[in-house]
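The following report concerns a single protein chain. Please read it alongside the sequence and the coordinates shown here.

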Amino acid sequence: MKEFYTLNDLAMITSLTTRTLRNHLRQGTLSGEKIDGIWTFTDEDIQDFLALPAIRQSVEARRNAPVFDFLADNFKRANRACVILDYVTDDREAKELSRAHPGDPLRRRGHGDGHPERVLRPV
C-alpha cells in the first residue's frame, strides 16, 4: 500500500474529477495535506471521505454510469455486450489491459497496489 496518494490517484480511485475533489477540499469534506504544492492524502483521509453518505452515493453513480449509459442506449446499430471485469490487478497489468485493444472505448476504474481495477468495455 502507498504511504500517501495524490489528487490524481484519488480521482482515479473515486471516479470524481480533480475539480470536484478540490471543491471538497475547499468545503472541508475532504482532508489532505499540501506538500511542496501537491495535495497528498493518507488511507485514513480517503476512508473518512468515502464514509460520507453523499460522497459514497456520488462515487457509485460515477462508477455505474458506463453501464447505465449502455443499457439506456435504445438506438444500438449492432448487437453489443457490455462486459465488466472486476478483479485485483497491479499497475503493470492494468497498463497492459489498456494497451491490449487500442481502438476500444476502454474505461478503467480503480488503481494498482492491489486495489480493485475495473475495466469497462462495450463489446
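Asp 36 counts as exposed because its relative accessibility is 78%, where exposed means over 50% relative accessible area, buried under 20% and partly exposed in between (1.4 Å probe, protein chains only). Asp 36 lies in the loop between strand S2 (33-35) and strand S3 (38-41), and its phi is near 50°, a positive value in a residue other than glycine. The model is predicted: local features need pLDDT of at least 70, side-chain atom pairs count only at pLDDT 80 or more, and totals for chains, interfaces and linings use all residues. Residues are numbered from 1 along each chain as its sequence is written, and side-chain values use heavy atoms, with hydrogens and water left out.

Ser 15 also has a positive phi, about 70°, although it is not a glycine. Ser 15 is placed in the loop between helix H1 (7-14) and H2. With a relative accessible area of 9%, Ser 15 is buried.

| Residue | Relative accessibility | Class |
|---|---|---|
| Ser 15 | 9% | buried |
| Arg 26 | 61% | exposed |
| Asp 36 | 78% | exposed |
| Trp 39 | 22% | partly exposed |
| Phe 41 | 0% | buried |

As a whole, the chain has 5 helices and 6 strands; helices (H or I, at least four residues) and strands (E, at least two) are DSSP runs, numbered from the N terminus. From the N terminus on, the order of elements is β-α-α-β-β-α-α-β-α-β-β. Of the 123 residues in the chain, 27% are buried.

Arg 19, Arg 22, Arg 26 and Lys 34 form a positive surface patch. Patch residues have over 30% relative accessible area and no salt bridge, and like charges are joined within 9 Å; a salt bridge is a side-chain nitrogen of Lys or Arg within 4 Å of a carboxyl oxygen of Asp or Glu. Helix H2 (residues 18-27) supplies the largest share of the patch, 3 residues. Arg 26 is located in helix H2, and Arg 26 counts as exposed because its relative accessibility is 61%.

The aromatic pairs come to 1; rings of Phe, Tyr and Trp (its six-membered ring) pair if their centres lie within 6.5 Å, and planes under 30 degrees apart count as stacked, over 60 as edge-to-face and the rest as tilted. Trp 39 and Phe 41 form this stacked pair, at 6.4 Å centre to centre and 15° between the planes. Trp 39 counts as partly exposed at 22% relative accessibility, whereas Phe 41 counts as buried at 0%.

Conventions:
Patch = residues over 30% accessible without salt bridge, like charges linked within 9 Å, V, L, I, M, F, W, Y side chains within 5 Å. Areas by Shrake-Rupley, 256 points an atom, 1.4 Å probe, with all protein chains shown as cover. Lys, Arg positive; Asp, Glu negative; His and termini not counted. Charge placed at Lys NZ, Arg CZ, Asp CG, Glu CD.
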